[in-house]
Every structure is written in C-alpha cells, then in structure tokens.
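Please look over the structure shown here, and then read the report that follows on selected contacts within it.

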Amino acid sequence: MTHKVAFSFADGKTLFFPVKANEILLDAALRNGIKIPLDCREGVCGTCQGRCESGQYSQDYVDEEALSPQDLEQRKMLTCQTRVQSDAAFYFDFDSSLCHSADPVQLQGSVIDVRQVSESTAILHLDLGGHQAPLDFLPGQYARLSIPGTGTSRAYSFANRPAADNQLQFLIRLLPDGVMSNYIRERCLVGDTLQLEAPLGAFYLRQISRPLILVAGGTGLSALLAMLEQIVEQGCQQPVHLYYGVRHSRDLCELERIQAHGERLADFRFTPVISDANPDWPGKRGYISEHFDSSELRDQDTDMYVCGPPPMVDSIRIWLQEQQLNRVQLYYERFTESNI
C-alpha cells in the first residue's frame with residue numbers, strides 16, 4: 001500500500017509524491033528528490049518540522065525541545081519521525097527553493113583571522129580558497145565546523161552573507177572549558193585548516209515586505225548579523241528593530257558593526273537588553289520580551305526573526321501567544337549551546 005502526500009510551501013508551491021506503508025516521511029521525500037532541510041534525523045533539533053493540514057500520521061519520537069505539547073496539538077510534526085497512515089498534506093513555513101538548493105557539502109577552510117570581541121565571544125574568519133564556486137547559503141543558515149585534533153564538531157551560524165571571495169565569519173561563544181573554546185583560546189592560528197559542512201538549517205531571511213523585528217540571544221547575533229548585512233545590501237524601506245540580549249554588558253559584541261549597518265537603513269532601531277545588569281548600566285534590563293511594544297505589534301503586520309537559546313525563544317513564543325499577537329509572523333532558530 002502507498003499513500004499520496006502533498007508538501008506545500010510558503011511560496012505557494014505544492015509537491016506531490018508517494019509514500020510506502022510504514023515509511024518514514026523524510027525518507028520518502030528524499031527518495032523522490034524533495035530535499036527537506038534536516039540535521040540530526042533523531043527528533044531532537046526540529047529543523048525538519050512542518051504541520052499536518054490533513055490526513056492521519058504518527059511520530060516515532062519527538063523531543064520536547066523540538067516541539068512543545070502545544071505544537072503537537074497544532075499538528076506540527078517532524079518529517080524525520082513521521083509515518084503517514086493515510087493520504088496526507090503537510091505545510092512547511094519556508095520556500096520550496098530551499099528543497100532544491102545544493103546539498104550540504106564537505107569543505108575545507110583556512111583561518112585568516114581569529115580574535116576575541118567580548119569577554120565571552122570570539123569571531124572566527126575562514127577563507128574557502130580551495131572551493132572554486134562561491135558557497136551558496138542563505139543569511140540565517142549555519143555550518144558544522146570540525147574542531148582540529150578532537151574528532152568533534154560544532155554548529156555555528158554564518159555571521160556574514162554569501163560573498164564572491166568565499167570568506168566566512170562565525171561568532172563563537174567562549175566557554176570556561178569547551179572543546180571549540182579551548183581550541184580558539186589555546187591553539188588556533190592563522191593558516192590552520194578546518195573542515196566544515198555547509199549550508200545547513202531552515203532559518204533564513206525571507207523576502208521583506210513588512211516591518212522587521214530581529215531578536216538575538218548571545219551568539220545568536222551571528223545569524224542576525226548575516227541578515228542585517230543582506231538587508232543593507234539589497235536595500236530596505238521597512239522599519240528594522242534589532243533586540244540583542246546578553247547576560248552582562250561585557251558580553252555585548254560587534255556594536256560598531258551593528259551601528260554601521262543601521263546608518264545605512266532608512267528606519268533602524270537597536271535595543272540591547274542585559275538580563276543581569278550592573279547598577280551603572282543605563283539601558284534596558286531583564287528579558288527581551290518585557291520590552292516589546294504589544295500595542296505596536298497588535299496594530300501592524302510584522303515579521304519577527306529570533307535566534308538564541310531555547311529558553312529565550314520559548315519565552316518569546318509564549319509571550320506572543322499570551323498577548324494574542326496574531327499579526328506577528330515568527331521565524332526562529334533554537335540552538336542548544338554546548339557545555340563542553
């Protein structure tokens with residue numbers, strides 16, 4: 001027995017394909033040439049999520065960090081864990097073009113610069129000189145970097161938009177005793193060779209037609225810097241408001257770069273928010289959602305992009321739901337920062 005399945009996307013396109021009995025939906029999609037963005041394939045990361053609009057299905061395993069109980073009630077699902085039990089239709093909140101982009105490829109980059117930009121953050125610059133064609137990725141996506149001499153890898157969002165010179169930037173959180181952190185602090189030298197896989201992820205900047213709110217938590221700023229760079233280069237007449245939350249003021253980084261981008265936009269606002277601020281901090285304190293203007297968001301259609309740790313992303317999602325701000329279209333990337 002086979003079932004007929006439809007995948008619909010944010011750009012209005014719909015793709016149809018057959019699914020075998022008891023076959024994992026992601027496997028069926030890939031077998032039919034539909035390359036849904038994915039990462040872990042274990043029901044944990046949430047990268048391959050969509051929403052079932054009709055039909056019956058079951059899921060093998062879904063981590064609560066990937067889909068909340070409310071998400072499950074809304075029939076959100078992970079294609080890597082879903083088995084359809086009837087003909088079915090699923091919706092994905094990204095463009096179909098993302099399914100036809102180049103597969104992630106194994107690349108080799110050379111370190112051309114590494115420096116600490118705040119007490120808790122470094123910026124790593126890589127040159128993909130050996131990769132002839134420009135690496136094609138979308139602002140907001142990420143790469144998986146292999147850490148020399150360790151056999152481990154970590155995922156980091158691109159901090160710049162694609163460029164013809166194939167130079168890449170990544171913000172790296174510096175942990176007291178992390179695998180990547182120790183490499184950056186102790187061994188990383190200009191000229192080092194790093195292996196990476198890219199591009200990955202379904203978090204990316206859509207076509208801009210409404211006011212934008214960008215929300216970064218910690219090194220989640222990396223993805224939003226890439227988006228800001230793209231917004232500036234393509235031009236934007238819509239208002240853009242960047243919120244940037246960190247624990248201490250000394251964790252703030254890339255402020256000059258943010259200011260430079262803002263000066264090239266017609267209507268730009270920047271709000272840093274410190275959750276554990278010293279008494280002499282003159283700006284906003286607490287949590288980012290405490291500083292949103294609910295009346296403004298209620299009165300106009302808005303696109304909101306959020307990138308940061310799961311607790312921050314979840315608090316913003318809950319706040320939007322509690323405020324019933326149905327005119328806000330939320331796009332988000334939740335990343336779990338490694339403790340080692």
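## R334 and its surroundings

Apart from its neighbours within four places in sequence, R334 is in contact (heavy atoms within 4.5 Å) with E64, E65, A66, L67, G308, P310, V313, D314 and R317. This is a predicted model, in which local features need pLDDT of at least 70 and side-chain atom pairs count only at pLDDT 80 or more, while totals for chains, interfaces and linings use all residues. Residues are numbered from 1 along each chain as its sequence is written, and side-chain values use heavy atoms, with hydrogens and water left out.

R334 belongs to strand β19 (residues 328-334), strands being DSSP runs of E with at least two residues, numbered from the N terminus. R334 counts as buried because its relative accessibility is 15%, where buried means under 20% relative accessible area with a 1.4 Å probe, protein chains only.

An automatic or database assignment sets the domain bounds, and the table lists the domains.

| Domain | Residues |
|---|---|
| domain 1 | 2-99 |
| domain 2 | 102-200 |
| domain 3 | 212-334 |

The contact between domain 1 and domain 2 takes five residues from domain 1 and six residues from domain 2. The C-alpha centres of these two domains, domain 1 and domain 2, lie 30 Å apart. Across their interface the rule finds one salt bridge, a side-chain nitrogen of Lys or Arg within 4 Å of a carboxyl oxygen of Asp or Glu; D39 forms a salt bridge with R144, with the closest N and O atoms 2.8 Å apart.

Key:
Helix = DSSP H or I, 4+ residues; strand = E, 2+ residues; numbered from the N terminus. Buried < 20%, exposed > 50% of the residue type's maximum accessible area, 1.4 Å probe, protein only.
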